[in-house]
Amino acid sequence: MSERLQPGDVAPAFTLPDADGNEISLSDHKGRKVIVYFYPAALTPGCTKQACDFTDNLEVLAGAGYDVIGISPDAPEKLAKFREKESLKVTLLADPDKTVTESYAAYGEKKNYGKTYMGVIRSTIIVDEHGKVERALYNVRATGHVAKIIKDLGI
């Protein structure tokens, strides 16, 4: 398990397939700020709420210079279904082997109803235009999280 990222750390580079199978890299966004969020599974209630919140606020975030990328262990085909079903406008990337998720410390031990297991930790990493971590938020809630980010960033 990787150490949690801290402000000032260099954001780990990545290249992953999007919902259409196109390779997308963090470096494609150089010169822009990027909100990279990790979520456990497409088409589940909490993850749907979070993705819809990001989509609903995409214009506001883009206007402030932020791109949004959602990463989950789902296959590109499932991400495409998720995007179509929910009319999502955020970039969704597939990380089936969880390499990127682990490099961002967004995979680890979770507790739910008294059980402990390994899984994706709902996390949001805000990367500045120079590729450095501006904020690293772990164990975030699916609901209300986007509004909190917008408020915290002063957008």
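Predicted model: local features only at pLDDT ≥ 70, side-chain atom pairs only at ≥ 80, totals over all residues.
The largest pocket in this structure holds about 260 Å³ of space. Residues are numbered from 1 along each chain as its sequence is written, and side-chain values use heavy atoms, with hydrogens and water left out.

A pocket here is an open set of points on a 1 Å grid over the protein atoms alone, where a 1.4 Å probe fits, with protein on both sides within 12 Å along at least five of seven lines; lining residues have an atom within 4 Å of a point. The volume is the space filled by probe spheres set on the points, which are joined across faces, edges and corners.

What lines the largest pocket? There are 13 residues, and the closest to the centre are Lys110, Val120, Arg122, Asn139 and Val140. Helices (H or I, at least four residues) and strands (E, at least two) are DSSP runs, numbered from the N terminus. By class, the lining has six nonpolar, two polar and five charged residues. Nonpolar means Ala, Val, Leu, Ile, Met, Phe, Trp, Tyr, Cys and Pro; charged means Asp, Glu, Lys and Arg; the others, Gly among them, are polar.

The second largest pocket has about 160 Å³ of space. Of its 15 lining residues, Leu26, Ser27, Lys30, His130 and Gly131 are the closest to its centre.

Next, the sheet. Five strands form an open sheet in the order β5-β4-β3-β8-β9, with mixed pairing; two strands pair if DSSP finds at least two bridges between them. β5 (91-94) and β9 (133-138) are at the edges with a single partner strand each, so one side of each has no neighbour in the sheet. β8 (residues 123-127) pairs with β9 in the antiparallel sense over five bridges, and Val127 stands opposite Val133 in β9.

Last, two helices. α1 (residues 45-56) and α5 (residues 145-152) pack at about 40°, with axes 8 Å apart. Axes are lines fitted to C-alpha atoms, for helices over the stretch in contact, and angles run from 0 to 180 degrees between N-to-C directions. The two helices are therefore oblique to each other, given that under 35 degrees counts as roughly parallel, over 145 as roughly antiparallel, 65 to 115 as roughly perpendicular and the rest as oblique. Gln50, Asp53 and Phe54 in α1 meet His145, Val146 and Ile149 in α5, where contact means heavy atoms within 4.5 Å.
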